[in-house]
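Subject: Structure handover

Hello,

Here is the structure I promised to pass on. My notes follow below it.

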Amino acid sequence: MIFESHAHYDDRRFNPDREELLSSMQEHGIETVINVGSDLDGVKKTLELAGQYEFVYGAIGIHPSEISGLDEEVYEWLRAQCSHPKVVAIGEIGLDYYWDKEDEVKRSQRYWFCRQMELAREQGLPVIIHSRDAAEDTLKLVQGIHGEEIPGVVHCFSYSPEQAEEYVKMGYYIGIGGVITFKNARKLKETAAAIPLSHILLETDCPYLSPEPERGKRNSSLNLVYVAEEIARLRGISYEEVVDATRENARRLFRKVK
Ligand code: NI
């Protein structure tokens, strides 16, 4: 069965049918879902979902574009949630220079990324890293903080195969989602074929980034079949092999998942 390593079912776009959709996951072959918090409100909703559904686990963290809502008090609150039995990772955390281009904001992103990496180290939890238009700074920061001691995944990977190789060297996983099915995703297709299968995770980032043939519509974990099929095609292996390997990889990384 499929291990979904990155979803946002707390998003308001799931308000109309969240319960119906989540209740149908297992009959559609989705075994486990990691719901990922992006801001304080999202983290609270993530904990609620994890309490409601046995197969849903939570990642807690503040996204680089949401750090204006992060201070010492919130940080302490996050730390207190780490012992929750269904909190399995710190994330999503990282750097996003796509919207934020001012030096001061970038500096603040790096500061809170570092602090949340340290929280993961202290709590013995893996990290889920978001990095957009910040390839160089992200790699430098992760290497500088001894990323090889803090297991994690670079989610929705969008950089070069060479960059992926640097993360794999540190033991990191590469999260691959719907973008892999896009015709113009040449770099990502190359990466997915080149890195060891033992370092790939399946993810949607839903409601965003629906794969072909559902591109443009609201995404959900049910669409992971298209992602797994494309990875299988690129590597010349079977669909089952991709599903089984990525499930095993995810269970190796997110050790608190039962
Ligand atoms: Ni996300």
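At what angle do helix 8 and helix 9 pack, and how far apart are their axes? Helix 8 (residues 224-235) and helix 9 (residues 239-253) pack at an angle of about 110°, and their axes are 8 Å apart. Helix 8 is therefore roughly perpendicular to helix 9.

First, the ground rules. This is a predicted model, where local features need pLDDT of at least 70, side-chain atom pairs count only at pLDDT 80 or more, and totals for chains, interfaces and linings use all residues. Residues are numbered from 1 along each chain as its sequence is written, and side-chain values use heavy atoms, with hydrogens and water left out.

Now the terms. Helices (H or I, at least four residues) and strands (E, at least two) are DSSP runs, numbered from the N terminus. Axes are lines fitted to C-alpha atoms, for helices over the stretch in contact, and angles run from 0 to 180 degrees between N-to-C directions. Angles under 35 degrees count as roughly parallel, over 145 as roughly antiparallel, 65 to 115 as roughly perpendicular and the rest as oblique.

**Helices 8 and 9**

The crossing of helix 8 past helix 9 is right-handed (the near helix is turned clockwise from the far one by less than a right angle; anticlockwise is left-handed). Helix 8 contributes Val225, Ala228, Glu229, Ile231 and Ala232 to the contact, and helix 9 contributes Tyr239, Val242 and Val243 (contact means heavy atoms within 4.5 Å). By class, the contact of helix 8 with helix 9 has 7 nonpolar residues, no polar ones and 1 charged. Here Ala, Val, Leu, Ile, Met, Phe, Trp, Tyr, Cys and Pro count as nonpolar, Asp, Glu, Lys and Arg as charged, and the others, Gly among them, as polar.

**Helices 5 and 6**

Helix 5 (residues 135-144) packs on helix 6 (residues 161-169) at about 15°, with the axes 11 Å apart. The two are therefore roughly parallel to each other. Helix 5 passes helix 6 in a left-handed crossing. On the helix 5 side the contact uses Ala135, Thr138, Leu139, Val142 and Gln143; on the helix 6 side, Gln163, Glu166 and Tyr167. The contact of helix 5 with helix 6 counts 4 nonpolar, 3 polar and 1 charged residues.

Asp137, Thr138, Leu139, Leu141 and Val142 of helix 5 are buried (under 20% relative accessible area; exposed is over 50%, partly exposed in between, with a 1.4 Å probe and protein chains only). The buried residues of helix 5 pack against strand 4, helix 4, strand 5 and helix 6.

An open sheet is formed by 8 strands in the order 1-2-3-4-5-6-7-8, with parallel pairing (two strands pair if DSSP finds at least two bridges between them). Strand 1 (2-7) and strand 8 (200-202) are the edge strands, each pairing on one side only. On average, neighbouring strands of this sheet are turned by 30° against each other, direction ignored.

Strand 4 deserves a look. Of its 10 residues, 10 are buried, so strand 4 is largely enclosed by the rest of the structure. Strand 3 (residues 56-60) runs parallel to strand 4 and is joined to it by 3 bridges. Alanine 59 stands opposite alanine 89 of strand 4. Strand 4 and strand 5 also run parallel, joined by 6 bridges. Leucine 95 has serine 131 of strand 5 as its bridge partner. Helix 4 (residues 103-123) lies across strand 4 (87-96) and strand 5 (127-132), at about 160° to strand 4.

Further along, strand 6 (residues 152-154) and strand 7 (residues 173-176) pair in the parallel sense over 2 bridges. Valine 153 faces tyrosine 173 of strand 7.

**Backbone points to check**

Where are the cis peptide bonds? One runs from glycine 91 to glutamate 92, with omega near 5°. Glutamate 92 sits in strand 4. Another joins glutamate 212 and proline 213, with omega about 5°. Proline 213 is in the loop between strand 8 and helix 8.

Aspartate 205 lies in that loop between strand 8 and helix 8. Its phi is positive, near 65°. Aspartate 205 is buried, at 10% relative accessible area. Leucine 209, also in the loop between strand 8 and helix 8, has a positive phi of about 55°. Leucine 209 is partly exposed, at 31% relative accessibility.

Best wishes
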